[in-house]
Amino acid sequence: MPADSQSRETILILGGTAEAAKLASQLVAAKPGARIITSLAGRTREPAPLEGEVRSGGFGGVEGLASYLQENCVTRLIDATHPFARQISANAIDACKLAGVPLEIRTRTPWVRQQGDNWIEVETLEQARDAIPPRARVLLALGSQHIGLFASRDDVHFVVRMIDLPETPLELPDHALVLGRPGDSAAVETLLLIAHSISHIVCRNSGGKASYAKIEAARQLGLPVIMVGREV
Ligand code: NAP
């Protein structure tokens, strides 16, 4: 534990999102005397640079997180994780109770359907898979852990975008892999959708700005989006 930890304001941000990165830089600028630590799960091999301190990897459940909070004299925990990162958010609630640390929840609100959106709303990833029409060309905008579920759709061409090259080949029979982060404008996402002759997008209702450009691009092109809701 740093010698001055006892008296110093110490904020731990549970991160892994663009919003968390922005928050870290705002807090570093606003609180020059404070320790601002961002925690990453450690899944992305080369995460974007962050202001303040960074720690990486799981804590070891509720107890591990509670110990970390106590050992580092954390004065506030901010949950700015992705809204579908349910386990760490649940752990944060319990760990803060155990350690007596205030918790601030800053996870995103879901996107709301706009005029012109053609959403097929489903509750589960399985329902999303089954809602894809035969011979569709689908932008599968999901985390790598969910891709295997779509392997049974050998009649569909999938385009999968990933930040890192997967360690093992994707299980999908017919697919193209696009390496990179989501485009930050509808124009960029429109180019991708057109270049791959995409007919449908499958994604989860994550909320936030960072991955909304594809939704706007789909609206402009009149493409259906198979949208998995939050209550999954
Ligand atoms: P999750 O299912 O809620 O968490 C699984 C385990 O991973 C947690 O129990 C924890 O391990 C560890 N973990 C998760 N987030 C962590 C963090 N920020 N710092 C330290 N440990 C963390 O999480 P997930 O859905 O796999 O997401 C992992 C991370 O990726 C999150 O930080 C999230 O913000 C980011 N992310 C997720 C998604 C998504 O679609 N789920 C999308 C974009 C970014 P221990 O129990 O050992 O502490």
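Q: How many residue pairs are in polar contact across the interface of domain 1 and domain 2?
A: Four, with both residues at pLDDT 80 or more. A polar contact is a pair of N or O atoms within 3.5 Å; within protein, one must be able to donate a hydrogen and the other to accept it, and residues adjacent in sequence count only if both atoms are side-chain atoms.

Q: And what's the source of all this?
A: This is a predicted model, where local features need pLDDT of at least 70, side-chain atom pairs count only at pLDDT 80 or more, and totals for chains, interfaces and linings use all residues. Residues are numbered from 1 along each chain as its sequence is written, and side-chain values use heavy atoms, leaving out hydrogens and water.

Q: Where are the two domains?
A: Domain 1 covers 3-105 and domain 2 covers 118-228, with bounds from an automatic or database domain assignment. Their centres, taken over C-alpha atoms, are 30 Å apart.

Q: How many residues of each are in contact?
A: 11 residues of domain 1 and 12 residues of domain 2, where contact means heavy atoms within 4.5 Å.

Q: Switching to the ligand, which residues come nearest?
A: Of the 22 residues around the ligand, Gly15, Ser39, Arg43, Phe59 and Arg204 do; a residue is near if one of its heavy atoms lies within 4 Å.

Q: What does Ser39 do there, in distance terms?
A: A polar side-chain atom of Ser39 is 2.7 Å from a ligand nitrogen atom.

Q: Which backbone atoms lie by a ligand oxygen?
A: A polar one of Gly61 at 3.1 Å, and a polar one of Ala85 at 3.4 Å.
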